[in-house]
Amino acid sequence: MSVSTTNLLPEVAEFLSRGDLPSFVGGKDFPAASGKVVATLDPGSGEHLANIHDLDASEIDRAVEIAGEAFPAWSALSYDDRSAILLRLADAVEEHKPIIAQIEALDAGKIEAQAQGDVQNFVDTLRYFVKLAGQVETRTKLDVEGYDAWTYKQPWGACAFIFPWNFPFLLIGWGISPALAAGNTVIIKPAEDTSLSALYLAQLAKKVGVPDGVINVVTGRGATAGAALTANPNIKRMSFTGSPEVGQLVGETCGRNLVPVKLELGGKGAAVVFEDVDVAETAEKLVGAITFHSGQVCCDATRWLVHRDIYDEFAERCVELMKNVRVGHPLDPSSEMGPVVNPKQRERVLGYLEKGQAQGAKCLCGGGEATVDGNDGNYIEPSLLAGSMDNVAAREEIFGPVAYLGVFESEEEAIALVNDTQYGLANSVWTKDMDRAARVAESMVAGNSWINAHNVFAQGVPYGGVNKSGLGGGVLSVETLMDYYRSTSVVRPL
């Protein structure tokens, strides 16, 4: 299957037929004056999809200026008026879900059904934060003897967001929804590989009446456009989702400008599997997690620590399941796992598989490229390595459909193995003993610990990382919304 032979929705075909897609700022097309573009390809076939404009630093600065100019009017709207606009946007995204999902599937290499779930997640997240914003008390009376005192909360201004290529549309929803609901304007910088759904969103926002300059999308390379956005002193808050290495640079730059920054970074999650689990059920869930979006999930469980009593049975079951995963083009309804996002990522994953085995890991399953008939895409076999937890493949983030098996004998040993990492994003514990589950979950050094499940995102539950996995997290909770209000203390002596 290729783009040329796939039955694209007419709206998707029309969107892609434009060829060169400019940024969208201030409610209109915002082309790069240089004419420079970056090609975006279908990861499943290697075919060209479109070109995005490559903005320079001066153009990024102008976009920030436009967002700042739109802020006073947007923030001055009543809650009812602003929420009505945002709910219209949520309704429009839901109405266009098949279109956006197909764009996302083609651009990010995501199975189309999974892409539809991501689009619905955007809708649900926006509605959630709009509702939550209606419950915020902007004035809070303080009980201070001898003074009439209160705090007053108001939005910051123009907020900047840099998003990665693994969940382009879903993460936009997680990022901009609380900012917009609180009354801020936003500048979105999507990954250069996956900018299409963000551009479609900006144009859709214009059509449903979001005021010009409230939602802006700037495109281009991370080293130029992304760096310029991070360095702009006129942004009021910064949010970056991506690798720890780039996150450190973003944090350093924002620190120099004293711009508050949220960093959602990578991980090397562990799943601790005790001897009392249903082996078949647990194996199925963990294999499903590591093959979901080809393992390109920062909070995924990539270290599987299994009790010695069930290790052989568990490994055998996982191998059987992995060998039966149907790898294919994202728009093929029979596909269960698509490609990784680009050739560079494919080579990165294959390189870790090679390095891991060179350091003594045993490859139980997969270990190489997958072949998909009729497609020259970035496909990799679901792979399972096993061996010492000192192995490079057990310690460094791979970001592909690769899990690493380790063994433990005691609860204390399991906890020590989990916490022997620089990361701290998400782990899980699998057992029928709920006392043990709670005890182990609370002992894991990470922002998130899940019990008998992995990759759980519930509205109202904070989600973020510690250590090398980031700072300032929150994402789906009231704490995240409150990040987008600044507080002023007002005091009058009596």
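The model is predicted, so local features need pLDDT of at least 70 and side-chain atom pairs count only at pLDDT 80 or more, while totals for chains, interfaces and linings use all residues. Residues are numbered from 1 along each chain as its sequence is written, and side-chain values use heavy atoms, with hydrogens and water left out.

The buried residues of H3 are Arg82, Ser83, Ile85, Leu86, Leu89, Ala90, Ala92 and Val93, where buried means under 20% relative accessible area, exposed over 50% and partly exposed in between (1.4 Å probe, protein chains only). Among the partners that these buried residues pack against are helix H4 (97–108), H6 and H7.

Two packed helices are described by the angle between their axes and the distance between the axes. Axes are lines fitted to C-alpha atoms, for helices over the stretch in contact, and angles run from 0 to 180 degrees between N-to-C directions. Helix H6 (residues 168–182) packs on helix H7 (residues 196–207) at an angle of about 50 degrees, with the axes 8 Å apart. That angle makes H6 oblique to H7; angles under 35 degrees count as roughly parallel, over 145 as roughly antiparallel, 65 to 115 as roughly perpendicular and the rest as oblique. In this pair, Pro168, Phe169, Ile172 and Ile176 of H6 touch Ser197, Ala198 and Leu201 of H7, contact meaning heavy atoms within 4.5 Å.

H7 also packs with H4, here at an angle of about 155 degrees and with axes 8 Å apart. H4 and H7 are therefore roughly antiparallel to each other. On the H4 side, Ile99, Ile100, Ile103, Glu104 and Asp107 meet Leu196, Ser197, Tyr200 and Leu204 of H7.

What is the phi of asparagine 467? The angle is near 55 degrees, a positive value in a residue other than glycine. Asparagine 467 is found in the loop between E19 and E20 and counts as exposed, at 51% relative accessibility. Asparagine 455 lies in the loop between strand E19 (448–451) and strand E20 (470–471), and has a positive phi of about 60 degrees although it is not a glycine.

Key: Helix = DSSP H or I, 4+ residues; strand = E, 2+ residues; numbered from the N terminus.
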